[in-house]
Amino acid sequence: MIERGYALLNPSTFSGFAAGQRGVHLRIIETTDLHLHLMPYDYYADRPSQGIGLANAARIIDAARAEAANTVLFDNGDFLQGTPMGDYVAQESRLSEDDLHPVIAAMNALNYDAITLGNHEFNYGLDFLMRTLARAAFPVVSANLVTRLGATPRDDRTLVKPYVLLDRMLSDDKGFDHPIRIGVIGFAPPQVTMWDSQNLAGRLAARDIVETARAWVPEMREAGADIIVALAHTGIGAARHVDGMENAAVPLARTEGIDAILTGHSHLLFPSPVFSALPEVDVATGTIAGKPAVMAGCWGAHIGLIDLLLTRESGVWTVLGTRSEVRALPTDTTGTTPDPRVTDAVSPHHERTLTAIRRPVGEARETLHSYFSHLGVTASLKVVAEAQRNYVQERLRGTVHESLPVLSAVAPYKSGGRGGPQGYTMVPEGPVALRHLADLYPFPNAIAALRLSGAQVIEWLERSAAAFNRIRPGSQETSLRNNDVPGYNFEVIHPLDVVYDLSQPARYDPAGALVDGRARRVVQAWLDGAPLDPDGYYILCTNSYRAGGAGGFAGAETANIVLSDARVTRDILHDHVSRNGGLSAEKRGSLRFKALKGTSAIFETGPEARQFLSDIDTFRPVQRGLNRGGFLRLKVDLSGGV
């Protein structure tokens, strides 16, 4: 396929030219969802990790540039947060106005042509983001994030430039140069203002992606854009446009005037078979609604390429052929070193981050891991939940909510899935350093609390139960987890005793939409030996992201927020460890399944889980080897149940 694609786009061999036409090859290169993975290093495990990092991706970026006479390099957002380095720069060094953020230093060194903003750019606050962007040597564009809404999108005051026009000279295969004006426009999920409402309320608004594109793209054409590239930090989802949709790549691609789309946000790869069933998405041609598109995964493990074969007649550029590709970092890195342009720019911050993450803060009184969180082994979640719970109880003391029972919701953020077979929390018994706290809670989310009815709490649990596939009684080989539900949308509520009946259909789909109003998987939700009162009220500790509605959980809305605090959950966990001298999980609370006689399922987890199989003795696990993705397959017996 690759060779055929190159032949198709080779101006010397392309058969679609009219007499006298001359073709020009333009290559668009994408990085996306870097999440501050600049160095090939896993800070949580405190060890090198060669399969990630912009310093490694720079090598394949250079190779892609060398193959084409004309290239542009863009980043599609979510570059600022995601590793302890990001937390260190934002929360300890704090980045003065004269400082150069390491991610901007790295992008400057690699000569990016433009970037856009993702939702995680706002996790450290708007002021920090703007200080970060101030030293960028390239344009930053985002059309639908605004500081003041106008009557129409073109009347808005945008946070950064809505678009930029890049004047370039393209060389053809004969060595002749041709002027072209490349329009670049950016978009972010409008939910960002809800997800980071703690930082953005009253300061930032967001418009619908497609509405914004329809307004700005004609202006870009009027301003002389010959082709338009959309840097769209949005996933590939439904074809039907719904106002405010998070994953809007398909209706965006239908927008007249856009020539190519760079997507992201969902950490997946396009073209790839995962999208083959979606309408208007053609995996074979790498197009969405007929437009070339690409999505380059995350963390610098891949880059995306869109090749355009262009021709210019009477000053008008036309796209004659397109090709999309995702390239992975090489699996064999023997003899290769990370790109010095990136490492030189990042190394001082990297070394200071290593010093910070190794700083001792206490002791773990037991090993805490997330290998079996979906099987009810939740000690790694309970320690975070208890820290949240204690903090919220203290903050609500003396208020009208003081007498309400306090529950605490936490998700296993690192539980495989798109994080791969190494993407699990692992805190060994013994000394605890800051990196271990980041392993237990990897996001800089602020604490929040909601006042919910017992019925809403049960709906919250039903939403979490979408993380499991339906298991037919007597079946043997069904996969237990629904891989369309990421770990961060599987919430465990402490200290409830919860029992799920997995033989029942899911009440909610992976996106949180109600799909079966009669379905009920929650057969028990007890607090301290008594059932939750559907008509009673409870305080549910969560984070600002979830409280703002992310994930579609019942009752997660502004009207129900009783505490919205600037304190970051990981800092609360740090204080909890310091106050108690260590980490240990409460014995209260459990997650179990109703017995399904003669039934087993397949559960996939990280291969390091082998050393902890005794934790799931009740499931009588049988090892089935590793799958092609490197996950350990276990046959688990569901006959025992409760």
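## Aromatic cluster and ring pairs

Ring pairs join Phe468, Phe490, Tyr500, Phe593 and Phe619 into a cluster, where rings of Phe, Tyr and Trp (its six-membered ring) pair if their centres lie within 6.5 Å, with planes under 30 degrees apart counted as stacked, over 60 as edge-to-face and the rest as tilted. This is a predicted model, in which local features need pLDDT of at least 70 and side-chain atom pairs count only at pLDDT 80 or more, while totals for chains, interfaces and linings use all residues. Residues are numbered from 1 along each chain as its sequence is written, and side-chain values use heavy atoms, with hydrogens and water left out.

Across the whole structure, the search finds 16 aromatic pairs. One of them is the edge-to-face pair of Phe270 and Phe275, at 5.8 Å centre to centre and with 75° between the planes; both Phe270 and Phe275 are buried (under 20% relative accessible area, with exposed meaning over 50% and partly exposed in between, for a 1.4 Å probe and protein chains only).

## A pair between two loops

Tyr413 and Phe443 also form an edge-to-face pair, with 5.2 Å centre to centre and 75° between the planes. Because Tyr413 lies in the loop between strand 22 (406-410) and strand 23 (426-427), and Phe443 in the loop between helix 12 (434-440) and strand 25 (446-453), the pair ties together parts that are 30 residues apart in sequence. Helices (H or I, at least four residues) and strands (E, at least two) are DSSP runs numbered from the N terminus. Tyr413 is buried, at a relative accessible area of 17%, whereas Phe443, at 21%, counts as partly exposed.

## Nonpolar cores

The largest nonpolar core has 84 residues, and Phe372 and Tyr500 have the most contacts inside it; such a core is a set of buried Ala, Val, Leu, Ile, Met, Phe, Trp, Tyr and Cys residues joined through side-chain atoms within 4.5 Å. Helix 11 (residues 379-396) supplies the largest share of this core, nine residues. A second, separate core of 54 residues includes Leu54, Ala55, Phe79 and Leu129.

Leaving aside neighbours within four places in sequence, Tyr500 is in contact with residues including Leu461, Phe468, Arg521 and Phe593, where contact means heavy atoms within 4.5 Å.

## A buried serine

Ser142 is placed in the loop between strand 6 (140-141) and strand 7 (145-148), and at 1% relative accessibility this residue counts as buried. Beyond its neighbours within four places in sequence, Ser142 contacts several residues, among them Thr116, Thr158, Lys161 and Gly186.
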